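Try each task before reading its solution.

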Amino acid sequence: MWWDEIADEILKRKRGAERQVVATGITPSGAIHIGNLRETLIADAVCNALRERGAEAELIYVADTFDPLRRLYPFLRKEFEEHVGKPLSEIPDPEGCHASYAEHFLLPFLEAVERLGIEMKVFKADEMYKKGMYVEAIKQALSHRKRIINIIKEVTGRELPPNWSPFNAICAECGRMNTTTVLKYDLKGERVRYKCECGCEGFADFRGGGKLTWRVDWAARWKILSVTVEPFGKDHASAGGSYDTGKRISEEIYEYEAPFPIPFEHVLLRVDGKVEAMSSSRGTNIPVGEMLDVVPPEVLKFLLLRKRPMRHIEFDPALLVNLVDEYEREVAPIGKGIAAQIPFRHFVTLVQVARNDFNELLKVIKRSGYALTGEEEEIEEIRRKAEYASNWLRKFAPETAKFEVQHALPAVSLTEGQKNALKMLASEIRAGKVQTAEEYHNKIYDVASAVGIPAKDVFKAVYLALLGKDSGPRAGWLLASLSREFLVKRFEEAASA
Ligand SMILES: [Zn+2]
Ligand SMILES: [Zn+2]
């Protein structure tokens with residue numbers, strides 16, 4: 001697999017024999033979505049491949065909790081305007097359920113990562129700063145301020161003002177870091193003097209009083225945490241991008257070899273035919289936890305790992321059933337026992353026939369020909385798979401995938417041919433000649449040719465009589481899951497209407 005190739009390349013590097021630290025992370029400024037998860041999964045896969053090769057390897061996750069809130073995102077209330085510019089760890093939770101804004105988005109993601117079975121050591125940037133882990137790095141950055149200005153100019157072409165500071169002070173009065181100007185450096189006292197647009201002037205110390213600007217912060221962190229491998233979005237990998245500046249700052253200022261880069265492509269979301277990159281700030285994304293409500297962790301991993309990092313992944317939640325089909329065909333069925341025997345696509349039909357009533361679902365499964373033993377584990381496996389199916393129907397399924405078996409014959413008009421076909425179908429069912437989904441499916445073709453109309457017209461008649469619409473789930477499965485008495489009665493009624 002691609003992660004094996006990457007691991008081999010990493011170990012070819014000079015320091016390959018040392019301990020490997022694979023780093024990943026994110027700024028928790030909005031819902032952490034499955035596009036962000038791709039990075040974590042890539043890191044985890046490479047880390048495991050390194051271990052398989054006998055290397056000592058650790059997976060770490062750095063949450064940029066000390067980054068400022070950049071702007072009032074569309075999902076925030078107007079009151080949050082006053083928090084723009086403050087570090088995410090110092091802003092209240094927009095929904096009031098966690099200790100801070102940062103935790104509100106970070107913790108659900110970490111829970112989801114645990115459900116995915118990924119073990120990683122988590123660092124929170126605000127704690128790293130407050131604990132003093134960055135003090136030396138801040139001093140070096142301030143002493144080599146001019147060289148950093150030059151590196152950024154050489155790599156990006158961007159001209160920074162002569163008073164530019166790699167360290168941004170947080171105003172002690174208003175809490176913002178986007179409104180302060182650093183006036184003086186006091187390396188001995190480990191603090192800077194700043195003034196703020198709010199009128200405040202004071203000192204900001206190196207232990208939580210501010211933070212390195214992002215390009216410098218990234219490079220500093222490599223050395224602080226001994227990072228040797230890091231996947232990151234391809235935007236950072238472009239020529240003159242942040243990896244290029246980070247690499248030079250790391251090597252020239254911090255004398256630390258930049259980590260092995262693993263750039264990766266976006267996960268694109270297709271909604272109503274429109275395709276766009278997932279974005280927390282625009283709100284066009286699927287949070288990891290929400291995705292794990294509709295598929296088991298192994299399917300999410302399958303989606304995000306089956307392509308090489310530099311190939312983009314397009315995901316259409318409305319077509320999730322196709323993805324799960326593929327997974328169940330190519331990798332393994334979901335669940336154990338009876339749950340594993342029933343394809344996910346069939347579950348989507350069964351839970352709708354059962355109208356989301358679990359006891360009814362068990363009856364429907366039995367009726368469809370599966371021999372239930374009633375053992376607790378078997379029931380639990382069915383319950384879990386059924387929940388995935390009903391959650392998908394509720395959250396993402398297109399209207400075309402939804403149906404309801406009508407209690408009474410819907411008002412539909414059928415041709416004479418269709419009526420004859422239903423009548424014949426009813427008598428075959430009454431005679432007990434059809435039972436399994438496959439038999440029902442074949443019988444529809446037999447009846448169509450006996451009556452002399454196209455099979456698609458018979459399928460249509462079946463859907464109309466049962467669902468009141470002219471299309472539906474696979475007819476064989478649908479018919480096998482309904483009681484024979486019901487089918488006979490309904491088809492005869494439709495035939496004589
Ligand atoms: Zn919360
Ligand atoms: Zn201020």
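**Exercise 1. Find the bridge partner of Lys184 in β6, then follow the pairing onward.**

Step 1: Lys184 has Arg193 as its bridge partner in β6. Strands here are DSSP runs of E with at least two residues, and helices are runs of H or I with at least four, numbered from the N terminus.

Step 2: β5 (residues 180–186) and β6 (residues 191–196) pair antiparallel over six bridges; two strands count as paired if DSSP finds at least two bridges between them.

Step 3: Go on to β7 (residues 201–205), which runs antiparallel to β6 and is joined to it by five bridges. There, Phe203 stands opposite Arg193.

Step 4: Look at the turns. Four residues separate β5 from β6 in their hairpin, where Glu190 has a positive phi of about 55 degrees. The hairpin of β6 and β7 also has four residues between its strands, and Gly199 in that turn has a positive phi of about 105 degrees.

A note on the model: it is predicted, local features need pLDDT of at least 70, side-chain atom pairs count only at pLDDT 80 or more, and totals for chains, interfaces and linings use all residues. Residues are numbered from 1 along each chain as its sequence is written, while chains are lettered from A and ligands numbered from 1 in the order in which they are written.

**Exercise 2. Work out why helix α7 is largely enclosed by the rest of the structure.**

Step 1: Eight of the eleven residues of α7 (residues 214–224) are buried, so the helix is largely enclosed. Buried means that 20 or more other C-beta atoms, placed from the backbone, lie within 10 Å of the residue's own.

Step 2: Among the buried residues are Trp218 and Trp222.

Step 3: Their cover includes β2 (57–63), α5 (135–143) and α9 (242–252).

Notes. Buried ≥ 20, exposed ≤ 12 C-beta atoms within 10 Å, placed from the backbone. Contact = placed C-beta atoms within 7 Å.
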